[in-house]
Amino acid sequence: MPSPGGAWPSPGSWALFWALLASPAQAQAQAASGPRGAPPGRTLLLLDVGSRSPRRVTSPSFLSLQIDPSVLHDGWLDFLSSRRLVTLARGLAPAFLRFAGKRTDFLQFQNVKNPAKTRGGPGPDYYLKNYEDDIIRSDIALDKQKGCKIAQHPDIMLELQREKAAQMHLVLHKEQFSNTYSNLTLTARSLDKLYNFADCSGLHLIFALNALRRNPNNSWNSSNALSLLKYSASKKYNISWELGNEPNNYRTLTGRAVNGTQLGKDYIQLKTLLQQIRTYSRASLYGPNIGRPRKNVVSLLEGFMKVAGNTVDAVTWQHYYLDSRVAKVTDFLKTRLLDTLSDQIRKIQKVVNAHVPGKKIWLEGIGATSEGGITNLSDSYAASFLWLNSLGMLASQGIDVIMRHSFFDHGHNHLVDQNFNPLPDYWLSLLYKRLVGPRVLAVHVAGLQRKPRPGRVIRDKLRIYAHCTSHHNHSYVRGSITLYIINLHRSRKKIKLVGTLRDKLVHQYVLQPSGQEGLRSRSVLLNGQLLTMMDDGSLPNLKPRSLRPGRTLVIPPLTMSFYVVKNVNALACRYR
């Protein structure tokens, strides 16, 4: 298997890399020379990148987010206006925010009157009022704000909400495991709150419409969707659209299957509907959001692409790694598990390119498991290995956007917990957004080991990706390069930067678990300092550690790290 993010030279190709140490200009001249024996006693890996042109370019919103419709059921939708949540979401902008999940196809829109205007607000005994009056008072306060609406919820109100959510999650889990879901109502008020959160956070909302409303002939019944579209158009909401969620599971959910051909016709019907509404005549449409590409799912995708491949702006699918009932912490360190995604990517690309070559592909809905995560595991430091490897692998294999399920609330796959505290995957995502740009670079690595052949274990357990540094980060000039490295070994590894990267100043950002829980920890250290939000509710300054030019990179065991190689003046990274 090639090294993630770039080709792995043959084990004996030492001449090229000794040349890189001495003179980058000699590297290409010696690339065709015959292999020589590895010098004895060396433990270094030699690393260079292809800096003349990017091998891939992703969307500027490559790392994007998802919120599950279960927030309507458990009440957390009313708290999306929290200043702390908005601050955390803003940290990951620019990004898409997809509102979708298993309950998408049980969602009914009701354009009801604003309850905050039809019911009186609470009296002076505010803190003694019941929970519902607290929500109404908060809504009234929000209505008085112009532009972005931000709330500061009292602690007692949040405590009541956590109690309510805990009770509702028992109902949600029962539905999940029985695979029978009750209908959910989305009011106009709820849509306003959802859009306010996305807009305030600098996120572009993608709304998945209910595809299981069917006519007797099994065609899509668009009447409820039309009501929602007209309402959002009247508010001039800038929204992109989808239809349904994992259509390959419809037979299991309702006993009624929808094949790829019919689904394609439904998408064309939705596109026609959008074109008839001035606000959405040019709105983007994405789909079909299929599940893991097994045989029946591939067949559904092929039928869809034949009919509607040119109708959608990107083809979408989902990927989840584990069965939540059998996962354990060591699963997150298995290279075979990390590599399952690569095969799924190739299967999707094969079908898409056979029908509409070059069509953009998005991975919507990715996490440790599809069942809401694994208690004390999928929100831990250990799960971040899966997350960072997914980001690197998807970018290097040409996937345009990846959407993390979920930003907040849903199960244990989330980035932010119910106390509005960021979890390890959030901090990892924030670093990624701050340091990694959309231009993907080829990685060239060789191992110098005491044994004459490096072996696959070294390659698979040390994963290296390279991008141009984000141009949104004004700490670094254009032409800088960001490396991100996953070390799954239980020992440290050394890397010598050569060629283009040789003798440059490097900024190091190493993430490690905090406390005695180790890989199970739900908090992380950046260069030895605990990452937490500031007392005023703002995000902390992510401070690097400077490494002198020419210094060997020492990668600690079981860590994830970012290295910004400054002032490389890489041609691939100089211009937008």
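This briefing walks through a strand pairing and some salt bridges in the structure above. The model is a predicted one, where local features need pLDDT of at least 70, side-chain atom pairs count only at pLDDT 80 or more, and totals for chains, interfaces and linings use all residues. Residues are numbered from 1 along each chain as its sequence is written, and side-chain values use heavy atoms, with hydrogens and water left out.

- Helices and strands here are DSSP runs numbered from the N terminus (helices are H or I with at least four residues, strands are E with at least two).
- Buried means under 20% relative accessible area, exposed means over 50%, and partly exposed sits in between (1.4 Å probe, protein chains only).
- Its partner is strand β1 (residues 44–49): the two run antiparallel and are joined by 5 bridges. Strands pair if DSSP finds at least two bridges between them.
- Within this pairing, L47 sits opposite V445 of β14.

**Salt bridges: the count and a buried pair**

- A salt bridge is a side-chain nitrogen of Lys or Arg within 4 Å of a carboxyl oxygen of Asp or Glu. By that rule, the count is 14 salt bridges.
- One of them joins E242 to R98, with the closest N and O atoms 2.8 Å apart. E242 belongs to strand β8 (residues 239–243) and R98 to strand β4 (residues 95–99), so this pair ties together parts that are 144 residues apart in sequence.
- E242 counts as buried because its relative accessibility is 1%. R98 is buried too, at 0%.

- D331 and K334 form a salt bridge, and their closest N and O atoms are 3.0 Å apart. D331 counts as buried at 7% relative accessibility, while K334 is partly exposed at 36%.
- The side chains of D417 and R522 also meet in a salt bridge, at 4.0 Å from N to O. This pair links distant parts of the chain, 105 residues apart: D417 is in the loop between β12 (401–405) and α15 (424–435), and R522 is in the loop between β18 (506–513) and β19 (524–526).
- At 8% relative accessibility D417 is buried, whereas R522, at 33%, is partly exposed.
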